[in-house]
Every structure is written in structure tokens, then in C-alpha cells.
Amino acid sequence: MMGAVYTETVVYSAPPAFEKDVPYQVAIVTLESGERVTGRVEGARVSIDDRVVLTETRDGVPFFRKSE
Amino acid sequence: MRPVAVVGAGKTRFGAFPDRDLLSLSVEAGEKCLQNAHVSPFQVEAFYLGNFAGPSFVGQNHLAPYVSNALQIHDVPATRIEAACASSGSAFFHAVSAVGAGLYDVVMVLGVEKMTSQSTARVTEILASAGDCGGEMKAGSTFPSLFAMIARRHMHDFGTKREHLAAVSVKNHANGALNPDAHLRKVITLEQALAGKMVADPLTVYDCSLISDGAAAVIVAAGDRARDFSDKPVGVLGIAQASDHLALDQKSDITTFSAVKSAARKAYEMAGVHPADIQFGELHDCFTIAEIIALEDLGFVPRGQGGPCSAAGFTARGGAKPMNTSGGLKSKGHPVGATGVAQICDVVQQIRGEAGERQLARHSLGLAQNLGGSGATCVVSILGEL
């Protein structure tokens, strides 16, 4: 599934459950259906309007990668 | 609604106080407030407590009667209200509504939070529970990261710059440095603010409010009895609370807060005033971008102009519309559950002409804007001379 980055940030200060991942990127992605979801971005950093692809959903959290 | 007034106010200093607990902070603010209002505990007919996360921060629940009875306020309805960072703004709203409806003539509203006994990581986790725990928070969002995403989009849509965000921080620190009750009394430069340690890109530590301990209280009374208690009663001319989705991804546009706009519209209408009439205010600068958007949503500046207007000195003490002369959440401090009532205390102090070095020349009509979470609750209060 494809989508576009609506907004994003890179988190440097995190709660205990996420400290091992710091720094990590969180984004709100507008999916092709028009629905917006909050997920994590792995790999290359993305910016607003970048196209991303949903790679997997882990524990209900969508993970995205930048689309080539 | 019949006329309602604030007849007394009392606060603790805000800061990190390892030797103070929630109850001692509450009792100090409550007793100062009773004294200031010339009200004795037995005259208080109802007690409203604003507190966000006492059970998580200090392990105590059932907080409203816990605090009211320590203040010798016995027997009356004692109710805790939780609305994230707008907890005590909401408590104030409900107290004013009850007095306005004629249920009571004299009530106390007290806000308190004791935060610094927990580590920053644990505080971040507790604060995150004010967001949507099933969605955005599961993905690793934190409150700074939610406002960082709001800032990113505001920058993208309107050309807001990091320098604009930093200008808000510099201004609020300059004000807080003159406030003897502020947590961080430190003047900072624009260069320092821009070079701060990154918390969630583009927000640095200088864009984020403080983790503080503190309490604040006011006595709300029926307008026709206000002068029985105080020579300087302050009228609650307009007040409204509004709500919205918790999760940012459920909002169609995250560069504006619909709950702020809605509460503001109703409060202005109730007070019979326009944004241009408001002389000064206390805004919810939990993050610098939040003050910039508040200026826009409250109608003080055109959409998208909050950043440039802040950088140009519009909201400075000598500017056209001074905001956060207390130092705001950034410098005065942000004991979450105390913030809403503390803002009311600060506006009351200006209207009464008791703000010392920070006293404004025009101070007869002020506004307080208290935001909960990333905009799911907002309370707007308009106060003026009676």
C-alpha cells in the first residue's frame, strides 16, 4: 500500500519503551484511501509529500519506507 | 448566566521541589488563596480540583477530598477534573458554570501537579497517555513529537521558520526572568535557543515547556457578592470549553486547533468583545509552535502570520498584544494540572495592577487559553474589571 507523508519528525527523547530506537522517525501518512495513520519510517529519512510504501504492520503499528 | 467574579488567587512558586509533596503544595496555594479572598474554609460551598496524573506521578487517587479536607474544607462536593494539560482550566470552567447557574455563591478551584519525583523518561511516558494510546503513541510518539509534526506542517504550509519558534522562547524567558515565582528565571538569546539540544526535530529543549511542581488556586464567587470579599474582584466576562479528537491523524488540518477556535468564538460572544479588544493574555505555550498557532486561532493575527508577528515583537511586553507576561509554560513552568488556574491567577494579577516589574500599561481586559493534549480540549476565559 502506498501513501504520502503529511508530516514527520525525528524523535531524540523517548519514553522507556522506545529508548532503544532513538533517534527514530515518526510520520503521519495519508494513504491512497484518504485515511491518515501514524506510523514509523525505517531506512532513509522522509519529508512532507514524499511517497512511502507500507512494508509491514507490527503490533498494530504501520511501518513505512521511502518509495523509489 | 448570572455575573461571576474571581475574588481571590494564590499560587506556590513553580519549580523542582524534592522536599515538597502534592499535598503541601496544594495546601500552600489554597491557604494563600483563602487569605487573599478573605474567605474562610467553612464558607466554601464546593471544591473543584484540576489534576492530570496524580495517580501516576505520586500514586494517590481520590485527590479532590484528599486536598479539600487538608484545607479544612469539609463536607462539600469535592470533585477532580482531568483534561490533560487543560485539567484546571476545565475545573475553572465547571466552577464558573456552577456559580453562574446559581448552584453556589462561593467555590474554590485548585490545580496541582507534582511531577519531578519521576525520571524524564517516565514523565514523557505519563504525558504521552494524554494522546491516543491505541494509535499514535503505540508508534513511538511523544508530546514533543506531536507538536514537532504540527510545527513541520505549519512551516511547510506558511513558511514558519525555526527563528520564529525561537523568538517565542526568547520572549517568554525574558518575561519569566522578572517573575519571582517562575521555575526558570533565565534570559536566553536567539542563538542559544536555536542551538538547543534536539528533542523532536525541529523542536529543541528551548521550544519545550518545563517539567515542574506547583499549585494554584482561585475563589470564584457570585458577582453580586464579590465586593463582600475583595476590593479588587475580577469579572469572568466570557468562558467556554470545547473538544476535538485526541489523535492528530484524525484531524483534517493540524496547523489549527478547532477546539481553540470554537471555545474562543463562544467566549468572545459571551463577553461581547472582539479579539482586537483583548489587551493581553496568557497562552498555552506547551511548545513554542502552540503559542504561534494560538495567536492565529484566537484571531489576534491572520492565519499563518503567528511566526513573523512573534519575531517582530507583537507579543512582547512593549508590543501591541503582550502575551505570557508571566513567562508562560516555557519559563514560569508547567505543572500540568496547575497550569489552567495559574493562568487565571496571572491574568487576575495584571488586571489588579499587581504584576510588579511586568505590569502592563493597558490591563483591564485579558484572556487565558488553556490547551489539553494536542488540542482535544481547550478552555478560553476572558477576564476584566468588574
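Leaving aside neighbours within four places in sequence, B:Pro180 is in contact with B:Arg13 and B:Arg185, contact being taken as heavy atoms within 4.5 Å. The model is a predicted one, in which local features need pLDDT of at least 70 and side-chain atom pairs count only at pLDDT 80 or more, whereas totals for chains, interfaces and linings use all residues. Residues are numbered from 1 along each chain as its sequence is written, chains are lettered from A and ligands numbered from 1 in the order in which they are written, and side-chain values use heavy atoms, with hydrogens and water left out. B:Pro180 lies in the loop between H7 and helix H8 (190–194) of chain B, helices (H or I, at least four residues) and strands (E, at least two) being DSSP runs numbered from the N terminus. The C-alpha atoms of B:Pro180 and B:Arg13 are 7.8 Å apart in space, although 167 residues separate the two in sequence.

Helix H11 (residues 288–297) of chain B is largely enclosed by the rest of the structure, because 10 of its 10 residues are buried, that is, under 20% relative accessible area, with exposed meaning over 50% and partly exposed in between (1.4 Å probe, protein chains only). The cover over the buried residues of H11(B) includes helices H6 (143–158), H7 (162–176), H10 (258–271) and H12 (306–311) of chain B, together with strands S6 (203–204) and S10 (365–372) of that chain. Just after H11(B), B:Gly299 adopts a positive phi of about 85°.

Chain A contains 0 helices and 5 strands, and buried residues account for 47% of its 68 residues. The radius of gyration of chain A, 11 Å, agrees with the value near 11 Å for a compact globule of 68 residues, where the radius is taken over C-alpha atoms and the globule rule is 2.2 Å times the number of residues to the power 0.38. Along the principal axes, the C-alpha atoms of chain A fill a box of roughly 35 × 25 × 20 Å. Of the contacts in chain A between residues at least 6 apart in sequence, 34% join residues at least 24 apart.

Between the chains, 27 residues of chain A are in contact with 28 residues of chain B. The area buried between chain A and chain B (the accessible area, with a 1.4 Å probe, that two parts lose on being put together, summed over both) is about 2,200 Å², and carbon and sulfur atoms give 59% of it. A:Tyr6, A:Arg36 and A:Thr38 supply 23% of the area that chain A buries against chain B, more than any other three residues.
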